[in-house]
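Hi,

Here is the structure I promised to pass on. Have a look at it first, and then read my notes below.

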Amino acid sequence: MHYWTNEIWRLSYLVIGFGLLGLLIGAGGWGVALGLAVHMTFTLWHLKKLYGWLEAPVMQKPPSGDGVWGDLFDRLYRYQKSQAQLQGRLRRVLTRVEESSEAMQDGIVMLDRAGHLDWWNSAAERMLGLDARHDRGHHITNYLRDPAFIQYFNQADYSEPVFLSSPAHDGRTIEARITVFGDNERLVLARDVTRLQRLEQTRRDFVANVSHELRTPLTVVSGYLETFLDQADQQESPVPPRLKRAFGQMQSQTRRMQSLVDDLLTLSRLETSERQTERQPVDIAALCREIHTDAASLSNGRHQFTLSLDEHRTILGDANELRSALSNLVINAVRYTPDGTTITLRYLDHPRGAMVEVIDDGDGIPKTHLSRLTERFYRVDKSRSTQSGGTGLGLAIVKHVLLRHDARLEIESDVGQGATFRCVFPASRLAVPKKPQQM
């Protein structure tokens, strides 16, 4: 502000001084014009210095200046230095980010708003077969042409990853996950999970083979136990009461093992078979009525049941698998909720399609357990689960059935407030589109 005031005074002195000189010779206007011209010449001279300084190829010290121009040169120089320092720090940060990205084993691909390739690291180049000389600026789906990835890319929900075959290496499996950042730009994270997939497949084959091999001896043991118990009941051969009680416990445990084997085989089939491709219309409303009747029979009056069918559209899929999933949810409610509670089965509309809800007003489940309920053999209360006869595989079967039908399982619960298990089916699985409301 000090320099600016001096500059105003400088202009005033020039105009007044040359104006007075002009009045002495009888040309006051010419004197004022001459004073303004002198100031304009002074200003243009400093503007030329400023322009030449800004045109310099490298950062140089500012030119000398008088008054406000000297202060302006100093301010611009300080700003230039601070910006140069900031750019240097940013370059160092970007260099470290690029170096750390290059050191990662996982592939990183940056996409612009339209999905075009912008930048990627060496791991992505190896896994996806990208070439920096030709591929930059092309759309990602030109290189990852797997239908599963294209569908995943076009959807808005990236909460779960997608698995696809590597386009650069046959026999390798890539796990891809998309993250949205910035101005609707996307980051693709790719990871080679071939070894994990093989280990998982080995585990599945082992469980399936062991379960299959156990079925035959269990069937034989169960058959002999039934024969012994039938003979004991008919008193064809005297059996001590203690031995009869032991046979009964053996038969109960054998049935439990048979149930466990059946669930393991079902889960193994769901995991190893192709994703659900059969799309037959399944009347979910009628299926809910049948499950409601079966559950009431299983409860034998210990629970109150409510059936609500606000939705009647059929769902495209496999009737047996859907029956298994919904039955598991309702049977779990019967097994694990105290006597006298109310169990509600509902089929209703959902903003994304349709949903089936199983609601109980029992003891509820602590929130710390909700994320693990669909794991195999996971139990909230082991002693209570053992008494109920559950195998610990019911919710895992539900999860896999829903995944095969492009649906998802949502669980809401809290201690003392009951639990809600919700199966949400997308609109693409509805056999009859919902008619728009008449205005």
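**What I found**

Let me start at one spot: Ile140 sits in the loop that runs between helix H4 (122-128) and helix H5 (147-154). Helices here are DSSP runs of H or I with at least four residues, strands are runs of E with at least two, and both are numbered from the N terminus. Before going further, please keep in mind that this is a predicted model, in which local features need pLDDT of at least 70, side-chain atom pairs count only at pLDDT 80 or more, and totals for chains, interfaces and linings use all residues. Residues are numbered from 1 along each chain as its sequence is written, and side-chain values use heavy atoms, with hydrogens and water left out.

Is Ile140 buried or exposed? Ile140 is buried, at a relative accessible area of 0%. (Buried means under 20% relative accessible area, exposed over 50%, and partly exposed in between, using a 1.4 Å probe and protein chains only.) Setting aside neighbours within four places in sequence, Ile140 has contacts with Leu111, Gly115, Leu117, Phe149 and Phe153, where contact means heavy atoms within 4.5 Å. Ala114 is 26 residues from Ile140 in sequence, and their C-alpha atoms are 9.6 Å apart.

Helix H5 also holds Tyr152, which is buried with a relative accessible area of 5%. Not counting residues up to four places away in sequence, Tyr152 touches Asp157, Tyr158, Glu160, Pro161, Val162, Ala176, Arg177 and Ile178. From Tyr152 to Phe163 there are 11 residues in sequence and 9.9 Å in space, C-alpha to C-alpha.

**The whole chain**

Zooming out, the protein chain has 12 helices and 12 strands. Its radius of gyration is 39 Å, well over the 22 Å that the globule rule gives for 439 residues, so the chain is more spread out than a compact globule. (That radius is taken over C-alpha atoms, and the rule is 2.2 Å times the number of residues to the power 0.38.) Along the principal axes, the C-alpha atoms fill a box of roughly 150 × 55 × 45 Å.

Of the 439 residues, 36% are buried. If you take the contacts between residues at least 6 apart in sequence, 57% of them join residues at least 24 apart.

As for charge, there are 53 positive and 53 negative side chains, and the centres of the two sets lie 5 Å apart. Lys and Arg count as positive and Asp and Glu as negative, leaving out His and the chain ends; each charge is placed at NZ of Lys, CZ of Arg, CG of Asp or CD of Glu.

**The cores**

In soluble globular proteins, nonpolar side chains tend to be buried together. Here the largest nonpolar core has 44 residues, and those with the most contacts inside it are Ile284, Leu322, Tyr347, Val356, Leu373, Phe421 and Phe425. (A nonpolar core is a set of buried Ala, Val, Leu, Ile, Met, Phe, Trp, Tyr and Cys residues joined through side-chain atoms within 4.5 Å.) Elements giving two or more residues to this core include helix H7 (241-272), helix H8 (284-299), helix H9 (319-336) and strand S12 (419-426). H9 provides the largest share of the core, seven residues. Apart from this core lies another, of 22 residues, among them Leu117, Trp120, Met127 and Tyr152.

Leu322 is in contact with Val282, Ile284, Leu287, Ile315, Val401, His405 and Phe425, leaving aside its neighbours within four places in sequence.

**A few more residues**

Where is Leu393? Leu393 is in the loop between helix H11 (382-388) and H12, and is buried at a relative accessible area of 0%. Beyond residues up to four places away in sequence, Leu393 touches Leu260, Asp263, Leu264, Leu267, Arg376 and Phe377. Trp120 is 273 residues from Leu393 in sequence and 41 Å away in space, C-alpha to C-alpha.

Most residues other than glycine have a negative phi. Asn184, however, has a positive phi, near 60 degrees; this residue is in the loop between strand S4 (173-181) and strand S5 (185-192) and counts as partly exposed at 42% relative accessibility. Phi of Asn300 is also positive, near 60 degrees. Asn300 lies in the loop between H8 and S7 and is exposed, with a relative accessible area of 67%.

Enjoy exploring!
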